[in-house]
Amino acid sequence: MSRIKTALYAPALGRDVAAWQAELRRLDDSGLSALSVSDHFMVGRVDPVAALTAIAMSTRRLRVMALVLCNDYRHPVITHHAAASIDVLSGGRLDLGLGAGYLAAEYAAAGLPYDPPGRRVDRLAESVEVIKALFAGRPVHHEGAAYSVTGLTGTPAPVQTPHPPLLIGGGGKRMLTMAGKHAQIAGIHSNLRHGSAYDAAVIEDMLPDRMARKIAWVREAAERAGRDPDQLDYLSITWTCRVVDSPRQTDAALAEVCRAYAVDPGVGRQSAGLLVGTVEQCVEQLLQRQDGLGLNYVDFGAARAAEVEPLVAALSALD
């Protein structure tokens, strides 16, 4: 069984940039696999392109993961140019996550049209094709429903070839089929078509039977595309991670977390969207998810680094 890879949202950037860079260097020396940055201007901490560049320049080893760039916020030509540049600046450590966009309140706040899910996914599918073509280093001629590119050659040439690993994911069949066709990292999580998160639905949609069905969609699409599904990474997003000191504290911590989502603790205990327990209990849960579902990559979300570092160390020790 391969090692479980681990990611964590990048630490919040405050006024003390030197302290932030010191924390990045400390995390670079940990067993963590990647630092991730999301693409939100309403609830997000920083611009992802700027943050990923700064993280890349402050670290040596960590992967820098866009989790994920919202296609509706950027033209694919701009996304490619930024991604290729970060890949070069990082020495080939970028994981390029691409998403269709989901947060309705953010679209409304910015005055952006919030089209039905199918139309947003249509645009993303076309964008992925454009971005991959731009990484090929040849003039791109594309005329599609959403984008037009005329004779443009993408630059700079990436360090990772043919392009940085693509991370595509979601909770619905169409997004996960796209992941199977194109991605090196498939994000397996909740269906967010209702335009919000952090509610009972996101936890319930990551129960084992639903996760197994989602992963099957990815694997089937990969096989149809002539790809080996066993060569993909399968990433789950942890909406809340809570590490406690003693097994006696686990039930109370789980109940508290589940109240925040208005979900029954029995559901929360089974859902891959939550991770609650001692280091040993959390490791056991992650190994069960890897063995039973094939989830070999976990993002701990917005958990505090100090809280998950013992867990990361324990997972690293399993190598």
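**View 1. Helices H5 and H6 side by side.** The axes of H5 and helix H6 (residues 173–182) come within 11 Å and cross at roughly 10°. H5 is therefore roughly parallel to H6, a label for angles under 35 degrees, while over 145 is roughly antiparallel, 65 to 115 roughly perpendicular and the rest oblique. From H5 the contact takes in Gly118, Val121, Asp122, Leu124, Ala125, Val128, Glu129 and Lys132, and from H6 it takes in Arg174, Met175, Met178, Lys181 and His182. Contact here means heavy atoms within 4.5 Å. By class, six of these residues are nonpolar, two polar and five charged; Ala, Val, Leu, Ile, Met, Phe, Trp, Tyr, Cys and Pro count as nonpolar, Asp, Glu, Lys and Arg as charged, and the others, Gly among them, as polar.

A word on what you are looking at: this is a predicted model, in which local features need pLDDT of at least 70 and side-chain atom pairs count only at pLDDT 80 or more, while totals for chains, interfaces and linings use all residues. Residues are numbered from 1 along each chain as its sequence is written, and side-chain values use heavy atoms, with hydrogens and water left out.

**View 2. Helices H3 and H5 crossing.** Helix H3 (residues 76–89) packs against helix H5 (residues 117–134) at an angle of about 45°, their axes 9 Å apart. H3 is therefore oblique to H5. Pro76, Val77, Thr79 and His80 of H3 meet Ser127, Val130, Ile131 and Leu134 of H5. This contact has five nonpolar, three polar and no charged residues. Axes are lines fitted to C-alpha atoms, for helices over the stretch in contact, and angles run from 0 to 180 degrees between N-to-C directions.

View 3. Eight strands form a closed barrel with parallel pairing, in the order E1-E2-E3-E4-E7-E8-E9-E12. On average, neighbouring strands of this sheet are turned by 25° against each other, direction ignored. Strand E4 (residues 94–99) and strand E7 (residues 166–170) run parallel and are joined by two bridges; pairing requires at least two bridges found by DSSP. Look for glycine 97, whose bridge partner in E7 is leucine 167. H3 lies across strand E3 (63–70) and E4, running at about 160° to E4. Helices (H or I, at least four residues) and strands (E, at least two) are DSSP runs, numbered from the N terminus.

**View 4. Proline 164 in its loop.** Proline 164 lies in the loop between strand E6 (148–152) and E7. Its relative accessible area is 0%, so proline 164 is buried; buried means under 20% relative accessible area, exposed over 50%, and partly exposed in between (1.4 Å probe, protein chains only). Beyond its neighbours within four places in sequence, proline 164 is in contact with Asp87, Leu94, Phe135, Pro158 and Gln184. Alanine 84 is 80 residues from proline 164 in sequence, yet their C-alpha atoms are 8.0 Å apart.

View 5. Strand E10 (residues 240–243) pairs with E11 in the parallel sense over four bridges, and leucine 275 of E11 is the bridge partner of cysteine 241. Glutamine 285, found in helix H11 (residues 279–293), touches Arg269, Leu274, Leu275 and Val276, not counting residues up to four places away in sequence. Because its relative accessibility is 16%, glutamine 285 counts as buried.
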